[in-house]
Amino acid sequence: MKICITGSIGSGKTTLAKNLAQQLHLVYIDVHKIIIEYHLAEGYDPKRKCKIVDVKKLARVLIGILKKENNVIIDSHLGHCIPSKYVNYCIVTRCSLPELRKRLLRRRYSKAKIQENLQVEIFGICLEEARKR
């Protein structure tokens with residue numbers, strides 16, 4: 001079984017992915033660690049305070065992993081970059097705006113980054129990207 005869990009930052013992806021991995025005996029794959037291990041960051045965005053990732057390169061690496069592994073769960077807000085033929089299920093997490101705001105404030109994100117991530121949730125961008133795939 002190959003499952004991808006995607007959604008906006010702070011929506012509960014990691015909690016869900018780790019719990020499902022444990023219950024279903026799947027290998028948990030943290031895409032953030034893959035980005036570091038395979039040197040997929042092309043730079044740093046100081047405004048957003050995050051790495052700039054080549055999504056095409058990331059997709060190739062993840063496809064390679066999915067071709068080798070049979071029972072995995074992938075955790076990433078970039079999970080929608082994986083073509084649907086490589087996964088059995090794609091779960092998109094959603095979160096209420098007040099709860100998401102609290103979670104992002106606890107992470108000490110800047111006001112601009114919180115606002116951007118709230119907009120991602122409002123417009124369902126991760127869901128739409130996943131549907132396109």
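Leaving aside neighbours within four places in sequence, which residues is L58 in contact with? They are V31, I34, I35, L40, V53, L78 and C81, where contact means heavy atoms within 4.5 Å. Keep that list handy for the third view.

A note on the model before the views: this is a predicted model, in which local features need pLDDT of at least 70 and side-chain atom pairs count only at pLDDT 80 or more, while totals for chains, interfaces and linings use all residues. Residues are numbered from 1 along each chain as its sequence is written, and side-chain values use heavy atoms, with hydrogens and water left out.

**View 1. The whole chain, before zooming in.**
The protein chain has six helices and six strands, taken as DSSP runs numbered from the N terminus (helices are H or I with at least four residues, strands are E with at least two). Read along the sequence, they follow the pattern β-α-β-α-β-β-α-β-β-α-α-α. The radius of gyration is 15 Å, close to the 14 Å from the globule rule for 133 residues, so the chain is as compact as a globular protein of that length. That radius is taken over C-alpha atoms, and the rule is 2.2 Å times the number of residues to the power 0.38. Along its principal axes, the C-alpha trace spans about 40 × 30 × 25 Å. Of the 133 residues, 41% are buried; buried means under 20% relative accessible area, exposed over 50%, and partly exposed in between (1.4 Å probe, protein chains only). Among contacts with a separation of 6 or more, 68% join residues 24 or more positions apart.

**View 2. Two loop histidines with positive phi.**
H25 sits in the loop between α1 and β2 (27-30). Its phi is positive, about 60°, although H25 is not a glycine. H25 counts as exposed, at 68% relative accessibility. H39 is in the loop between α2 and β3 (41-45), again with a positive phi, here about 55°, and again not a glycine. At 69% relative accessibility, H39 counts as exposed.

**View 3. The largest nonpolar core, around L58.**
This core has 21 residues, and I34, I35, L58, L62, L66 and I82 have the most contacts inside it. For the record, a nonpolar core is a set of buried Ala, Val, Leu, Ile, Met, Phe, Trp, Tyr and Cys residues joined through side-chain atoms within 4.5 Å. α2 (31-37), α3 (55-68) and β5 (72-75) each supply at least two of the residues. The largest share, seven residues, comes from α3. A second, separate core of seven residues includes I3, A17, L20 and A21.

**View 4. Cysteines without a disulfide.**
How many disulfides does the cut-off give? The count is zero, with a disulfide being a pair of cysteine sulfur atoms within 2.5 Å. The sulfur of C4 is 4.4 Å from the closest cysteine sulfur, in C90, which is too far for a bond. For C81, the closest cysteine sulfur is in C4, at 7.7 Å, also too far. C4 is buried, with a relative accessible area of 1%, and C81 is buried too, at 3%.

**View 5. Helix α5 and its buried face.**
The 12 residues of α5 (residues 111-122) should span 16 Å at 1.5 Å a residue, and the end C-alpha atoms are 16 Å apart, which agrees. The expected span is 1.5 Å times one less than the number of residues. K113, I114, N117, L118, V120 and E121 are buried. Cover for the buried residues includes β4 (50-53), β6 (89-93), α4 (97-106) and α6 (125-132). After α5 comes G124, whose phi is positive, near 60°.

**View 6. S8 and L100.**
S8 is in the loop between β1 (2-7) and α1 (13-24) and counts as buried at 2% relative accessibility. L100 belongs to helix α4 and counts as buried at 0%. The C-alpha atoms of L100 and S8 are separated by 9.2 Å, although the two are 92 residues apart along the chain. Not counting residues up to four places away in sequence, L100 touches S8, I9, G10, S11, C95, N117, L118 and E121. With neighbours within four places set aside, the contacts of S8 include K13, T93, N117, V120, E121 and C126.
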